[in-house]
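Reader: Let us go through this structure strand by strand and then as a whole. Please end each reply on the item asked for.

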Amino acid sequence: MSQIILQPCGNKFAEKHYQDTIANPVPLSKIKPFLDSEIFERLEEFYPEKMVQIWGVNPGTTIANENKWLRIKSGDIVLFSANKRIFSSGIVTDKLHNKNLAKELWGMNDDNQTWEYIYFLKDINEQNIEITEFNQAVGYASNYVIQGFSVLDGEKSAKAIEDLGLIQNMIPLKIYQENLEKKIKHSRNITRQERLNRLGRSNKLPKIIQTMSNQYQRNPDVIVEVLLRANGNCEKCGNPASFMRASDGSPYLEVHHKIFLSEGGEDTVDNAIALCPNCHREVHFG
Ligand SMILES: [Zn+2]
Ligand SMILES: [Zn+2]
């Protein structure tokens, strides 16, 4: 589930930063020299238009800011506030600790610090939410003042997202899938009659949503080599592929990683195996 990040934005530095790197997105080419290839490639995918919205937090007097920043995840929702209002929101795509990039974008503050705990945003939306409304949603006293950069816990975040209608048109794929699972579970638990009533009231044409997800960038040469090695036969059950690809008539086999990429497996010919769809399903869900 997305967390809510509160980002008060009332002081002179924050106002300027908001203008410089949120209201006016930064060309990806400008920040490229500060990025390693891994994060650069991810950002390229998040920002096909190659303009990036960036925010940064300084270390502060304690390490508290770093610890909060460490909790930020892709898909979190940032709320910018000033003058007792939340005036905009955005979604976190990625984050990066980089002092030099922060200096380049925003310079230094009076304490000789820079805003080195960086996160990248997209889907910046104007909001007009009074702080009292926000306080009520998350269960704070109505006169509570947001004291600085903070990351809300899961429960408060969920309340804020629901009460304030903060779900954006772009949601992380994982969250969408988890929510669907929850709703299916709920649907199983209601009575059949209730379910049929709901069906009677529901929209027949589904709403379109946009999701975002991190993907491994796979090596095409590994795929081609493994398929050549398999020579049309599943490398697990040994059976020939049971159908051909409509696009080019080649045998339909799927290249699977023996040690999953998500578990640190390598994207190499040695760690990959060509499987028929049945065997592929079996190794994942068997
Ligand atoms: Zn097979
Ligand atoms: Zn697989």
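Reader: In S6, what is the bridge partner of Val-92?

Author: This is a predicted model, in which local features need pLDDT of at least 70, side-chain atom pairs count only at pLDDT 80 or more, and totals for chains, interfaces and linings use all residues. Residues are numbered from 1 along each chain as its sequence is written, while chains are lettered from A and ligands numbered from 1 in the order in which they are written. Strands (E, at least two residues) and helices (H or I, at least four) are DSSP runs numbered from the N terminus, and two strands pair if DSSP finds at least two bridges between them. The partner of Val-92 in S6 is Leu-121.

Reader: How many bridges join S5 to S6?

Author: S5 covers residues 85–97, and S6 covers residues 117–130. The two strands run antiparallel, and the number of bridges joining them is 10.

Reader: Which residue in S6 is the bridge partner of Gln-53?

Author: S6 also pairs with strand S3, residues 51–57, in the antiparallel sense over 5 bridges. Within S6, Gln-53 is bridged to Leu-121.

Reader: Is Phe-120 buried or exposed?

Author: Phe-120 is found in strand S6. A residue is buried if 20 or more other C-beta atoms lie within 10 Å of its own, exposed if 12 or fewer, and partly exposed in between, with C-beta atoms placed from the backbone. Because Phe-120 has 24 other C-beta atoms within 10 Å, it is buried.

Reader: What is the C-alpha to C-alpha distance of Phe-120 and Ile-91?

Author: Two residues are in contact if their C-beta atoms, placed from the backbone, lie within 7 Å. Leaving out residues up to four places away in sequence, Phe-120 touches several residues, among them Val-52, Gln-53, Ile-54, Val-92 and Thr-93. Phe-120 and Ile-91 are 29 residues apart in sequence, and their C-alpha atoms are separated by 8.2 Å.

Reader: Why is Ile-86 counted as buried?

Author: Ile-86 has its place in strand S5. Not counting residues up to four places away in sequence, its contacts include Leu-79, Phe-80, Ile-129 and Phe-134. Ile-86 is buried because the number of other C-beta atoms within 10 Å is 24.

Reader: Which residue in the hairpin of S4 and S5 takes a positive phi?

Author: S4 and S5 run antiparallel and are joined by 6 bridges. Ala-82 has Arg-85 as its bridge partner in S5. The hairpin has 2 residues between the strands, and the residue with a positive phi near 50° is Asn-83.

Reader: Which residue in S4 stands opposite Ile-5?

Author: Strand S4, residues 77–82, has 5 of its 6 residues buried. S1, residues 4–8, runs parallel to S4, with 5 bridges between the two strands. Gln-7 is bridged to Phe-80 in S4, and opposite Ile-5 stands Val-78.

Reader: Which residue in S7 stands opposite Ile-5?

Author: S1 is mostly covered, with 4 of its 5 residues buried. S1 and strand S7 (residues 150–151) pair in the antiparallel sense over 2 bridges. In S7, the residue opposite Ile-5 is Val-151.

Reader: What is the count of buried residues in H8?

Author: Helix H8, residues 173–189, reaches 25 Å from its first C-alpha to its last, close to the 24 Å expected at 1.5 Å a residue; the expected span is 1.5 Å times one less than the number of residues. H8 is hardly covered: among its 17 residues, the buried count is 0.

Reader: How far apart are the C-alpha centres of domain 1 and domain 3?

Author: The chain is divided into domain 1 (4–167), domain 2 (175–212) and domain 3 (220–285), with bounds from an automatic or database domain assignment. The C-alpha centres of domain 1 and domain 3 are separated by 41 Å.

Reader: What is the radius of gyration of the protein chain?

Author: The secondary structure comes to 11 helices and 11 strands. The chain is more spread out than a compact globule, because its radius of gyration is well over the 19 Å that the globule rule gives for 286 residues. That rule is 2.2 Å times the number of residues to the power 0.38, and the radius is taken over C-alpha atoms. For this chain the radius of gyration is 24 Å.
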